Amino acid sequence: MKLKYFAWIAEIIDKREESLEIPSKIETVGQLIDYLSSIDEAYEKAFEKRKNIKFAVNQVLVNENELISKTDEVAFFPPMTGG
Amino acid sequence: MHINITKDDFDLTREMNRFNHNKYNYGAISIFIGKVRPENGLKKMQIDCYPEMAQKEIKNVAEIARSRWTLDKIRIIHRYGLLKPNDNIVLLIIGSRHRADCMSANEFIMDFLKSLAPFWKKEIYSDKEIWIEQNESDLKKLQQWENI
């Protein structure tokens with residue numbers, strides 16, 4: 001699965017993207033966050049304030065219950081501040 | 001419709017020439033330019049971006065604007081990367097037959113860009129760096145459009 005991180009989340013995790021083998025039992029974005037937080041402290045710290053994080057699957061904004069698959073691109077970022 | 005997510009600066013005269021290049025039907029043009037506000041002590045502004053998603057999302061909102069108002073042409077440039085105070089960030093040019101349509105659509109698209117387009121700004125001072133947080137009043141402006 002391709003994972004992307006932006007803004008302060010990328011700074012805490014210290015990478016902007018990566019490809020990871022995710023266990024097949026991980027079915028939703030919320031479960032993916034729990035899984036990542038369990039494997040490394042950097043993810044745990046980045047995802048600590050969960051309500052401050054937004055997610056996109058294949059460049060579409062979704063909520064934590066969104067189903068994901070191995071071929072998806074999942075992105076994590078703070079609320080947007082463009083314009 | 002032209003949407004460009006880029007690190008490069010833009011020049012208003014050049015963009016207006018491109019905007020007016022083909023045959024057009026508009027009687028009004030609205031232009032908005034967003035710039036890096038020169039806050040006291042601000043050295044740089046870093047704008048992070050998810051370009052693929054930004055392209056899709058901005059196209060979506062421009063299409064919503066087209067469905068709500070009578071618009072002839074839309075040109076949007078949004079920059080990312082490391083900028084300085086007073087640098088250009090965003091350019092939005094809309095042409096329509098009548099003034100009210102392009103002015104309302106301009107405000108609508110900018111309200112969207114502020115809170116829903118995937119860009120993130122970080123202010124860089126000599127002694128600190130601050131990721132700007134989403135502004136509640138910007139969110140309220142966006143919500144107001146749902147009731148119109």
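This is a predicted model: local features need pLDDT of at least 70, side-chain atom pairs count only at pLDDT 80 or more; totals for chains, interfaces and linings use all residues.

Residues are numbered from 1 along each chain as its sequence is written, with chains lettered from A and ligands numbered from 1 in the order written.

So, chain B. Take helix α2, residues 51-68, and helix α3, residues 99-116: their axes come within 10 Å and cross at roughly 150°. Axes here are lines fitted to C-alpha atoms, for helices over the stretch in contact, with angles from 0 to 180 degrees between N-to-C directions. Helices are DSSP runs of H or I, at least four residues, and strands are runs of E, at least two, numbered from the N terminus. That crossing makes α2(B) roughly antiparallel to α3(B), the label for angles over 145 degrees.

Who touches whom? On α2(B) we have B:Glu57, B:Val61, B:Ala62 and B:Ala65, meeting B:Ala105, B:Phe108, B:Ile109, B:Phe112 and B:Leu116 on α3(B). Contact means C-beta atoms, placed from the backbone, within 7 Å.

Over to chain A, which has an open five-stranded sheet with mixed pairing, ordered β2-β1-β5-β3-β4. Pairing needs at least two DSSP bridges between strands. Strand β3, residues 54-57, runs antiparallel to β4(A) over three bridges, and A:Ala56 stands opposite A:Leu61 in β4(A).

Notes: Angles under 35 degrees count as roughly parallel, over 145 as roughly antiparallel, 65 to 115 as roughly perpendicular and the rest as oblique. Two residues are in contact if their C-beta atoms, placed from the backbone, lie within 7 Å.
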